[in-house]
Amino acid sequence: MLSSVRSRSSSKVVVALGFDDGYVPHAAAVIASIARASDPAAFRFLLLNTGVSKDRQAQLESSAPGAEFDWIEVGSEHLPELKVKGSVAHINRATFLRLALERVAPADCDRVIYLDADLVVTGDLRDLWAVDMAGAVVAGVHDHFIKPADFAHQWALPSPTLGYFNAGVLLIDLKQVREERLFSKAVAFVLANNPAFADQDALNWALWNRWRAVDLVWNVGRHLAIDVLILEVQEDRRLNGRAPKIVHFTGPEKPWLNTGYHPWAWLYWRALRDTSFEREVSENQSISTLKKVRLWLRWLIRRYS
Ligand SMILES: [Mn+2]
């Protein structure tokens, strides 16, 4: 009997996030959005962090009752202190935490979905989990801002066959990563070169021509949400009326800040309402209920006009 019992986690979808204490509410919103879009009991969350109190851990866990949580504090023994170039101010140390997965993820995790904490999931992540990697190390979505040929030229890489991916949503074959120490190579690249787009440049460098593209609905950045920006995107890289499965609030204008506009910001506030952090975030940014209603109305008007 016992021998037929599989380990509790073996069939779960493993989702990793990396964040510092300030981002706990936003990570909770990501998790609440996943729970809303599918069955929370199907998920195991690896929460890479730089130190979060037990109280706040429990508060975050209440965002997805029935899910499994592994809290992993990443210290300098797992990931060296990496400097971030000043040019991209909204990137901080927490962004590098994903590079620690190679060393800190539990041994029974051979595949993991990594998600940034500045996004909202609206589709069923089990569909992304089921993607055939076909030998690729990671699966993700093309990044809009970096020109692959320029990147290849800058770092003396072979011609791009696949382009340059955005690191905010990644399905990762952790087995291959461990075997070839690919994320350690990315860390070494950051230490040696301090690239402008931090962990993302480092991952693209380490996994050059070894990733596979998934449907862009899995990582819908700001350039696919704002009308004037969409016009600058080549047509086959646009949503063309399809619904996103993950809205990624790329760039410095986050939905919890009082700056800028995003048509799907209300999705963030809806997700946050399913956590116990709504008051904390609203008070920090003095964002009123009225403003949230306005965001939602503005989206409706845009959609139906
Ligand atoms: Mn992001």
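Q: What makes two residues count as being in contact in this predicted model?
A: Two residues are in contact if their C-beta atoms, placed from the backbone, lie within 7 Å. The model is a predicted one. By that cut-off, P25, A29, A32 and S33 of helix 1 meet Y268, A271 and L272 of helix 10. These contact residues divide into 6 nonpolar, 1 polar and no charged.

Q: Why are helix 1 and helix 10 called roughly perpendicular to each other?
A: The axes of helix 1 and helix 10 (residues 265-273) cross at roughly 90° and come within 8 Å. Angles of 65 to 115 degrees count as roughly perpendicular. Helix 1 and helix 10 are therefore described in that way.

Q: Which residues make the contact of helix 7 and helix 8?
A: Helix 7 gives L182, K185, A186, F189 and V190, while helix 8 gives A198, D199, A202, L203, W205 and A206. The residues of this contact divide into 9 nonpolar, no polar and 2 charged. Lys and Asp count as charged, and the contact includes K185 and D199.

Q: Why is K12 called partly exposed?
A: K12 has 17 other C-beta atoms within 10 Å. A buried residue needs 20 or more, and an exposed one has 12 or fewer. The value for K12 lies in between, so K12 is partly exposed.

Q: Where is K12 found, and what is in contact with K12?
A: K12 is in the segment before strand 1 (13-19). Leaving aside neighbours within four places in sequence, its contacts are A42, F43, R44 and E68.

Q: How do you know that domain 1 touches domain 2?
A: The domain assignment gives domain 1 (2-218) and domain 2 (222-304). In all, 26 residues of domain 1 are in contact with 24 residues of domain 2. On the side of domain 1 that touches domain 2, the largest share, 7 residues, comes from helix 1. The residues of that side divide into 12 nonpolar, 11 polar and 3 charged.

Technical notes
Residues are numbered from 1 along each chain as its sequence is written. This is a predicted model: local features need pLDDT of at least 70, side-chain atom pairs count only at pLDDT 80 or more; totals for chains, interfaces and linings use all residues. Helices (H or I, at least four residues) and strands (E, at least two) are DSSP runs, numbered from the N terminus. Domain bounds come from an automatic or database domain assignment. Axes are lines fitted to C-alpha atoms, for helices over the stretch in contact, and angles run from 0 to 180 degrees between N-to-C directions. Angles under 35 degrees count as roughly parallel, over 145 as roughly antiparallel, 65 to 115 as roughly perpendicular and the rest as oblique.
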